[in-house]
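Work through the exercises below with the structure in view. Each task is followed by a solution in steps.

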Amino acid sequence: MTTQLHNAMNVNYIYVGPKGTTRNLGIFTSKAFKKGDYIFTLDRRFTRTTPTRESIQITANEHVLDYFGGYMNHACFPNTTIERYEVIAAQDIEVTSELTFDYRTTEDKLASPFVCECCRKEIK
């Protein structure tokens with residue numbers, strides 16, 4: 001998938017990159033956003049009825065497989081929220097910031113539970 005698949009006006013400002021010095025990847029922004037700003041829309045063309053490691057749950061039986069969404073990492077204090085299919089700034093976001101959301105706000109049950117780097121609790 002490429003960025004051309006997205007119909008979001010700000011998708012040109014979103015990119016996948018390495019998270020710090022780890023081998024993990026995340027999505028980052030080359031544009032600043034203010035709290036409440038629209039960032040991008042999750043691509044709804046690829047959905048499933050069950051979760052995957054990279055999907056984002058929208059409804060009880062709809063899990064979106066979005067290219068950028070698949071790289072969005074969890075944070076206990078995230079800088080974005082997911083509202084239906086839209087990614088919205090939950091706080092002011094600076095240029096080069098990683099975009100994160102709290103998986104517990106969208107997922108009923110994770111396909112791949114993990115121990116959170118923020119709080120050291122299992123996110124499931």
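The model is predicted: local features need pLDDT of at least 70, side-chain atom pairs count only at pLDDT 80 or more, and totals for chains, interfaces and linings use all residues. Residues are numbered from 1 along each chain as its sequence is written, and side-chain values use heavy atoms, with hydrogens and water left out.

**Exercise 1.** Find which side chain meets Lys-19 in a salt bridge, and say where the two residues lie.

Solution. A salt bridge is a side-chain nitrogen of Lys or Arg within 4 Å of a carboxyl oxygen of Asp or Glu. Lys-19 pairs with Glu-117 at 3.6 Å, N to O. Lys-19 sits in the loop between β1 (14-18) and β2 (25-29), and Glu-117 in the loop between β11 and β12 (122-123), 98 residues apart. Strands here are DSSP runs (E, at least two residues), numbered from the N terminus.

**Exercise 2.** Classify Asp-102 and Arg-104 as buried, partly exposed or exposed.

Solution. Buried means under 20% relative accessible area, exposed over 50%, and partly exposed in between (1.4 Å probe, protein chains only). Asp-102 has 10%, so Asp-102 is buried. Arg-104 has 45%, so Arg-104 is partly exposed. Their side chains form a salt bridge (2.9 Å, N to O).

**Exercise 3.** Which residues does Lys-109 contact, leaving aside its neighbours within four places in sequence?

Solution. Contact means heavy atoms within 4.5 Å. Lys-109 touches Pro-51, Gln-57 and Lys-124 by that rule. Pro-51 is 58 residues from Lys-109 in sequence, yet their C-alpha atoms are 7.9 Å apart. Lys-109 counts as exposed because its relative accessibility is 60%.

Key: Helix = DSSP H or I, 4+ residues; strand = E, 2+ residues; numbered from the N terminus.
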